[in-house]
Amino acid sequence: AAPPAAAQDARIAAARADPCAALFGRQTDQRLPIAFFSDFNCPNCRVLDAILLDYDASHPGTIRIIRHELPLLGAASTIASQAVLAADRQGGYQAMHDRLMRTRMVTDLKFVVVIADAAGLDGQRLVTDMQTQEIASALNMSKAIASVFGFYGTPSTVIGRSVFMGAIPAADVAQIIETELEALPMACSRG
């Protein structure tokens, strides 16, 4: 395996080579992609997350939120990010995400098991999966993408071609989305 620095350099190079794929993945529909870099212990991330979810609920089929876990605020942030990515392996990303957004400073893995079990997931498997190289690579990829775009904090957001850091009012988010929808199809929205 490549040394950690070389592996991270390769991730950064991949993000630079195809920033659209790095941010948005491969898109198969015409919804507006939104890349959202967040930290579970960031209060402004909670605000912007709610704004994006409210917009999505009131405009179904319009946007596609792609979440990038960017744990910058310590061990609790890392554990929460690992937990939600591990939950995704069991099809429980959203349930675990929603629960962790309401919980501050999760550092006890026994508590993670309880949360996962309550969400209908296999908590023991989730904790085991949290330690996998796949989860570590996903977090490192988000860190690499963030470095390419100069995101040094959370929340950091890319809506179509518009980029901003921090939480902004719901009306401003809606205006950016409407402006970007008018620009569809854009280069990144074609799979």
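Me: Which residue in β2 is the bridge partner of Leu-32?
Reply: This is a predicted model, where local features need pLDDT of at least 70, side-chain atom pairs count only at pLDDT 80 or more, and totals for chains, interfaces and linings use all residues. Numbering starts from 1 along each chain as its sequence is written, and side-chain values use heavy atoms, without hydrogens or water. Strands are DSSP runs of E with at least two residues, helices runs of H or I with at least four, numbered from the N terminus. In β2, Leu-32 has as its bridge partner Ile-63.

Me: How many bridges join β1 to β2?
Reply: Strands pair if DSSP finds at least two bridges between them. β1 covers residues 32-38 and runs parallel to β2. The number of bridges joining them is 7.

Me: Which strands stand at the edges of the sheet?
Reply: The open sheet of 4 strands has mixed pairing and the order β2-β1-β3-β4. Each edge strand has a single partner, so one side of each is left without a neighbour in the sheet. The edge strands are β2 (63-69) and β4 (162-165).

Me: Which helix gives the most to the lining of the largest pocket?
Reply: α4 (75-88), α5 (93-101) and α8 (133-149) each supply at least two lining residues. With 3 residues, the top contributor is α8.
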